[in-house]
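Here is a short tour of the structure, written for someone who would rather look at it than read tables. Keep the viewer open and follow along.

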2 protein chains.
Amino acid sequence: MNTDIRNEHWSIHEWQNQIDELLEVSDQPHALFNINEDDTREYDAIFLGGGAGGRFGSAYLRAMGGRQLIIERWPFLGGSCPHNACVPHHLFSECAAELMLQRTMAGRLWFQDLTGVVTSIKDVVDVFRKGRVGPHAIMNYQSKEQLDLEYVLNAEGTIIDPHTVEVAGRRFKAKNLVLGLGARAQMLTCPGAHLKGIFSYESLVEDLDYEPGNTVVVIGGSKTAVEYGCFFNATGRRTIFVVRTELLKLIHDLETRGFVIDRMKEQGIEIWEGSEVEHFTDNGHGHVASVQIRTPDGIQTVHTDFVFAGLGETPNSEMASKVLGVKIGAKNEVLVNPQLQTSVPHVYAIGDLIGGPMEMFKARKSGTYAARHIMGEEIAYDPQDWPDFMHTHYEVSWMGLSEEAARAQYENIITIKMPPDTPDGLDVALPASDRTMLYAFLEPRMSGFQKLIIDEASRRVVGAHHVGYGAKDSFQYLYQLMKQGLTIDQLGDMDELFLNPTHFIQLSRLRAGHRKLKNL
Amino acid sequence: MNTDIRNEHWSIHEWQNQIDELLEVSDQPHALFNINEDDTREYDAIFLGGGAGGRFGSAYLRAMGGRQLIIERWPFLGGSCPHNACVPHHLFSECAAELMLQRTMAGRLWFQDLTGVVTSIKDVVDVFRKGRVGPHAIMNYQSKEQLDLEYVLNAEGTIIDPHTVEVAGRRFKAKNLVLGLGARAQMLTCPGAHLKGIFSYESLVEDLDYEPGNTVVVIGGSKTAVEYGCFFNATGRRTIFVVRTELLKLIHDLETRGFVIDRMKEQGIEIWEGSEVEHFTDNGHGHVASVQIRTPDGIQTVHTDFVFAGLGETPNSEMASKVLGVKIGAKNEVLVNPQLQTSVPHVYAIGDLIGGPMEMFKARKSGTYAARHIMGEEIAYDPQDWPDFMHTHYEVSWMGLSEEAARAQYENIITIKMPPDTPDGLDVALPASDRTMLYAFLEPRMSGFQKLIIDEASRRVVGAHHVGYGAKDSFQYLYQLMKQGLTIDQLGDMDELFLNPTHFIQLSRLRAGHRKLKNL
């Protein structure tokens, strides 16, 4: 059964109910068609996949006056982010931050004593599952009523040729095809990896139907692994990271990484580096019962009913490769040029499908750049550098060079840091700002770390690193200023909103008077 | 007794102990002299007052190669901010945010049920009082060991003439005198205003020695009043704002102000506008027992043992006016030109002493600009416009024009908002980001508000407004970009760190494709 919704103008709440129903009866084919049958123009592009890239690409193309169609297998636009990726991760990371605060303050002021209390993982997952249709509904509403997009939802599209996609019994033709088919979590391959109780970020929010026991094994050492692992740890569970090489190699600045890992360890997290899972054992009912881990000290067995694998993602390039013959790279990604064109004429690819960085900004921007190229603009998009962040129990933000890379590249590097680089610096009440004030006053070592890296000769900021809260947003804009050549003098001349999470403005001002700069 | 500490090199922790002791025996004169007796040069400037302006001005002057001396009555540098102003306010606002979250989530997930529980105000004040020497110690340490400043602490300086200050029995001479004597809380003048239990931000952290009862009267409607009042409300007390005109007039954008005030009211705050205190009654022991308030509906009596007055500040200009004859303005501020020079040659004034904006950035920057002028640089400093923020239970940040002012100034204004401007928009789970995720999923109306204001013709951002968390820091940098002429197209081309607290980048990108812009 298909429904033509072109003349429906559902409110966000009505959309919420529709999506809820469609997600519940997902076994019955039921496509929603929002097609402007009055528009007789050929489509400039079909976006196969309505995730971040497809939706933003469509919005841009439509705004430029073109005609587009999104075909999306889920009953909502926005893709994996609001359904099982960035949004649940943010909810879990918020719980991690909040639980760490409440545990640290236990029994002080008005805080309850959570010592020894293991809080529910399943309840938080349930909160997410129940609420996620809210953001979904906004995307559908906004895309139809505000962005004037055409789309077909809740039906898998099949590529017929570079100009044709079939969906729910109809064929659509377009001048161009834009593939935005995303990526999927990489799975473990060792014996027992199929057992129940072994989750990826995707299956966790879809499938978790029991309360995990008191021990968690997290496999992997990168963003996803650490973000979920810190949440599990914050719930009060023993949490062991099994990492093939090193934890958090993506944080290049060694001092920043050290601060992050030290705080994780203080929260009781165990990090087993140079280690790998050998196999999982079955509890006799198809559920994981234990994990055998090869460590530098020999084989270790951990009994657990809950394993999380954060091993990265594989682009969903199979259909495009098979049907269209688009060229694929070593990591299964669809290869594109800076115009987002694949090896097949009129076929573009965007988002996670084209490989790293698998970040939201790249998904969305690659979509809009593909749209602009389709509409005749000369563009090039090939991200080489960007500000970045991740969650532990904290927000960790960084941009530009690590101190080590800066020292390799420039003759003389100045650093400006907080806490001060003194023997007792870590135990003093600075840095401090929104969301770290209670730490600053009661557990100062937990109030964060920040470092600015400056090339002495040019006086330019070449890197910045922050562990704490409330600086992630500013790194988006500070990065732009850094790319313009921001100097310590310009930074010191800005107007701080004190107590600012990045203390960079005022700390720079304390040193900017020097002709020959000094560390602080 | 005076102590020469020039050759002491105390750690931050040792400084902490020193300051603690000096604050406890404040009735005994005991100055600390950190004077470089080997330097035979005349001082370029004496900074009278070692608050934000004096300390930053000194640091800048010293970095430029000049010689300076700070004379400070307290045993620490940094002034009122870490002692009784911005730092305690941030701690209290953090408690307000945290208590609102815990009360809102009461009984859900792992949250304790705080329904009906009144939490201690005094305990939080005590935490601050006990911890504030930490930041003090850092200032003293940093100023001596890292910034190489000379200073005399814990002794009142007396101005002798434009080149001479006497302190603890010694006279110091300098080419210039920089006055950084700050401001003090304005006091109520109505009958009973002298009673115990009526506090300003200063006296609250110095004098509170009992647990306030369950009703609080807050007098005033500006930043300080609201910041403290929201904390008192969050502790579970009935909180009444008595405001002569309107609450929060400083938030110019009416929609933003409306959102802020609606959320305050939902927390149970009572706002009595057009009202004034007539007098306070005594409980027979010199403590306030009730407040008589003239309201538009007649006289109301509120029984309370705890009143907070947030009425603004008066510059401490009396000594300078009397001894030096510097010209004073209508609000008791020392008048200066853009070179920070007073009406008396060689006498500069900086910080809160010169009047509004009494903000940290102005205090510090006026100090550094005075230093640069003294050292021969041609400078001008006269802040007309700046990004701004305040706390309610939220962080509220703004910059540039309100929507109303923008519409008056430009032919066509575009707004880009979250939550979406629909009948059910407020009750949907966006905006959402760090520290609002639990609200987004469980109490969506509490997850914040944000608005970008764009001049359609130039496509430039002319204003931005945000209620939530984690955007304050970014407004510092976004403001710089706005001043450069930031367009919606440039904004849409940035790399968002999703879920970013300001959704401005991605929301702009959804509209930037339009030649003729549209609201979102």
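A crossing of two helices is called left-handed if the near helix is turned anticlockwise from the far one by less than a right angle, and right-handed if clockwise. One such crossing comes up right below. Bear in mind throughout that this is a predicted model.

## Two helices crossing in chain A

Start with helix 4 (residues 86-104) of chain A, which packs against helix 8 of chain A at an angle of about 40°, the axes being 8 Å apart. Angles under 35 degrees count as roughly parallel and 65 to 115 as roughly perpendicular. Helix 4 of chain A and helix 8 of chain A are therefore oblique to each other. As for handedness, the crossing of helix 4 of chain A and helix 8 of chain A is left-handed.

Which residues of the two helices meet? From helix 4 of chain A come A:His89, A:Phe92, A:Ser93, A:Cys95, A:Ala96, A:Leu99 and A:Met100, and on the side of helix 8 of chain A they find A:Glu227, A:Tyr228, A:Cys230, A:Phe231 and A:Ala234. Sorted by class, this contact of helix 4 of chain A with helix 8 of chain A has 9 nonpolar, 2 polar and 1 charged residues.

To find your place on screen, look for A:Val216, which stands opposite A:Thr239 in strand 12 of chain A.

Over in chain B, strand 20 and strand 21 form a hairpin with 3 residues between them. Strand 20 and strand 21 (residues 395-400) of chain B pair in the antiparallel sense over 4 bridges. B:Asp388 has B:Trp398 in strand 21 of chain B as its bridge partner, and B:Met390 stands opposite B:Val396 in strand 21 of chain B.

Are the faces of strand 20 of chain B covered or open? Both are covered in strand 20 (residues 388-391) of chain B: B:Asp388 and B:Met390 on one side, and B:Phe389 and B:His391 on the other, are all buried. Strand 21 of chain B is mostly covered too, with 6 of its 6 residues buried. Strand 21 of chain B also pairs with strand 24 (residues 460-468) of chain B, again in the antiparallel sense, over 6 bridges. There, B:Trp398 stands opposite B:His465 in strand 24 of chain B.

## A three-stranded sheet in chain B

Chain B also has an open sheet of 3 strands, ordered 14-15-16, with antiparallel pairing. Strand 14 (276-282) and strand 16 (298-303) of chain B are its edge strands, each pairing on one side only. On average, neighbouring strands of this sheet are turned by 20° against each other, direction ignored.

Strand 15 (residues 288-295) and strand 16 of chain B run antiparallel and are joined by 6 bridges. A handy landmark is B:Thr295, which stands opposite B:Gly298 in strand 16 of chain B.

## One buried alanine

B:Ala174 is found in strand 8 (residues 170-179) of chain B. Since a residue is buried if 20 or more other C-beta atoms lie within 10 Å of its own, B:Ala174 counts as buried because it has 22 C-beta neighbours inside 10 Å. Leaving out residues up to four places away in sequence, B:Ala174 touches B:Glu42, B:Tyr43, B:Asp44, B:Ala45, B:Ile46, B:Leu69 and B:His163.

## Where the chains meet

How many residues does each chain bring to the contact? It is 79 residues of chain B in contact with 79 residues of chain A. On the side of chain B that touches chain A, helix 14 (residues 472-483) of chain B gives the most, with 9 residues. That side of chain B divides into 46 nonpolar, 20 polar and 13 charged residues.

Terms used: Residues are numbered from 1 along each chain as its sequence is written. Chains are lettered from A and ligands numbered from 1 in the order in which they are written. This is a predicted model: local features need pLDDT of at least 70, side-chain atom pairs count only at pLDDT 80 or more; totals for chains, interfaces and linings use all residues. Two strands pair if DSSP finds at least two bridges between them. A residue is buried if 20 or more other C-beta atoms lie within 10 Å of its own, exposed if 12 or fewer, and partly exposed in between; C-beta atoms are placed from the backbone. Axes are lines fitted to C-alpha atoms, for helices over the stretch in contact, and angles run from 0 to 180 degrees between N-to-C directions. Angles under 35 degrees count as roughly parallel, over 145 as roughly antiparallel, 65 to 115 as roughly perpendicular and the rest as oblique. Two residues are in contact if their C-beta atoms, placed from the backbone, lie within 7 Å. Ala, Val, Leu, Ile, Met, Phe, Trp, Tyr, Cys and Pro count as nonpolar, Asp, Glu, Lys and Arg as charged, and the others, Gly among them, as polar.
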